[in-house]
Amino acid sequence: MASPPPLAAPLPFVTLSDDGSFDIAPEAVEYLQQIRGDIAVVAIAGLYRTGKSYLLNLLLGRDQESEMFDVGATVNACTKGIWIWGQPVASQSRHPAFKHLSKDTTIVFMDTEGLGSTQRSQTQDTRIFALALLLSSMFIYNSRGVIDASAIEDLSLVVNLTKYIQAKAHADEKKDDGSDLSVFFPDFLWVVRDFTLQLQEDGRKVTSRDYFESALKQQPPLTEEVVQKNKIRSLLSTFFPSRDCVTMVRPLSDEALLRELIRQPYESLRPEFREQMGVLKNKLALLLKPKTMMSKVLNGAMLLSLTENYVAAFNSGSSPVITSVWDRVLESQCDQALESAKQVFETTMNDAIAEKRGSVLVIQVMRARALDDADVIAAYEVARGAAEKELVQEDIAAYSSIESYLLQLADYSLEVLQSKYTENDAVSTAYNKELLQELYQPADDILDDPASAIGNGAQVLQDQLAASRDQLESVVGQYNARALGPCKSSVLNSFLMDKMVAGIFEWSTIVKKFFRANESKLVMDIAATQQNLRSIEAKVRVAQEMLAQQKESYERAVQSINERITSERSTLQDEIENKQAEIERTRLQVEQLTGLHKEALDRLDLQIEEAKDERKRLEVDVRDAEARRESERQEAQRQLLENERNFHNEEKGLLQGQQQFLQKVLELERQLGEQDTDQIAELYRIDKENQEQVSQLTLQYQDEQEELKEGTIRDIRALKNEQDDEMNVLRGNLAEKKELVASLRQQLNEKEAAAARKKAKANQLFGGEECVVQ
């Protein structure tokens, strides 16, 4: 299965008209229809003026080519709509790493219009973004700087994807997390350009993927803005279970050279950038896979059909339903495969008939050679085998039941066979009639003047009748040797019947002429004799006796002539009756042949009816089996989706409970901190008051210091003991609250361990299905 040649320049694929509707470029349609093998699609999207087209040019290895994706250096968006550039794997001399793809795979790079430009609305941005997601097998999101809250907010349009795309016609309205769309979305690769940070976390080095995963972690929902960004993070994690990240430094340090980046040689770029570009190419080469839908690998025509259905839905203002679109794509593929098989059948049969037919010379003119029915059947068998092979080669069985399409192909082939029979019968009839016209030349020596015949003409008639019979036998012999086609017998029978009927009429006319001529001659002879008798009447009287004898002799002669005429007339009458009997036998043979032919046609009609009944029974069985398989598949898919939904809901509940527990712990620690501060301040205040009282007593009763020293000391010690007791009580309360915090933390750890065990168990139960989804 040959792939189309690589494109010399990018082609417009999906364009936007002035009224905001989408159109598919005819040149892209023509190119995609040529891709009969697998197709892998790499799409890139991101904010406008962030270098998406330049990055695709580097991936294509066309950084210094005359033809490349359009790149600009102004503030206006450069790419309009969606453009494509196809490169077959077999011609990927610049990309030898795509070894895991088959040689007939075509890689299509898809450049999309930048998001967020002033020329497009958010709805148009979302639809372009959705088209790139739905049509690609590897989706590259291009951004600049770092993956922070602002970068996450730039991807806010993913929140609207569930509004513009539906996985199924009757989706669960309560379930709006978009998990059912993830099976239709491609692998996600975030390319962060002009990255200036160090990939480190808590002093340890991390990968770019770890950096990406860290950015997707949920943040404490302290504000509504954080809640919205958490929703974007959750949707990104749900939509793209297979995701990765590549960070790239700025390609050049000089701002002036950056504005002319497209003209800079690749070797002049920063070594770090070129190294990271190599990492990006290697990841793309390892992760890229053919575009699939429902586990079916797509070709160019199927990708085009998908695009047409998505564009039609967007233009009508409705949301495309992926499963319904896929059903229409499969139906279109099956119809195209059937039409291709029909074309192969007709072409093969015409070629086979033309190869066997040739030409033959008749009446000095070259005519088409008629074929026997066996030759037509042989050509039909060859054409039917080629058509069924073409139908199987199109892999209809992967889309639908092949039996119904084989029946349609059989009906079509029988119609073509009937037309070829009719056409061959017409050729056979025309050729054989011309052959008889060439072989049969009517005799020119038919005796039209009976008076010129010697004697009474009976021998002449017999000679001419024998010559006519010999001529017909010679014509039949030559005809049987040269006649062609299934109609040679019927044409010969028709010819013989026509010639026999015409010969009978012709020979009856000639015989009548001969009999009338002889009769007229005899009448003339009798008249002449009577005249002689009257002229010599006198002499007759003299020799009356002699004349009487002569008269008697003449009478006997006349009687003999009459008897001979009667005998010859009877002989000719017998011959005419024999010819009529022969004609009757020929007619009976024709009727028998007609009856046999009618019986054969009746048997053929009966067989056709039986085949139609069998086909109807098979169609009913196929539909029943297909309905049962579809019901079982839907039930299994429903149970799988229900299990996944229960698991996600349970995991979501655990995460929410963990978050609430953490908030309670933080609140308790805050309260404990405030209580410790109040106690220390109280102690300080009491201590200060005590010191002031001691100083005052010392000044007031200095004279009585000795007398009151012991009392004062006792008071101070009592007060000190009271303070110590109060401190011990406060310390006991603090220890109890710390023990409460430790207990709460232990409970949190136990719940996290239980959640981990449940998650591990769920992974074991649904591991096979998750692999299929990814």
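Colleague: What should I know before we start?
Modeller: Residues count from 1 along each chain as its sequence is written. This is a predicted model, where local features need pLDDT of at least 70 and side-chain atom pairs pLDDT 80 or more, while totals for chains, interfaces and linings use all residues, and side-chain values use heavy atoms, leaving out hydrogens and water.

Colleague: Why is Ser208 called buried?
Modeller: Buried means under 20% relative accessible area, with exposed over 50% and partly exposed in between (1.4 Å probe, protein chains only). Ser208 has 12%, so it counts as buried.

Colleague: And what makes helix 3 largely enclosed?
Modeller: 12 of its 14 residues are buried, so the rest of the structure largely encloses helix 3. Among them are Phe129 and Leu133.

Colleague: How do you know that the span of helix 3 agrees with its length?
Modeller: Helices are DSSP runs of H or I, at least four residues, and strands are runs of E, at least two, numbered from the N terminus. The expected span is 1.5 Å times one less than the number of residues. For helix 3 (residues 122-135) that gives 20 Å, and the end C-alpha atoms are 20 Å apart, so the two agree.

Colleague: What makes strand 4 and strand 5 a pair?
Modeller: Two strands pair if DSSP finds at least two bridges between them. Strand 4 (residues 82-88) and strand 5 (residues 106-112) have 7 bridges, in the antiparallel sense. There, Gln87 stands opposite Ile107.
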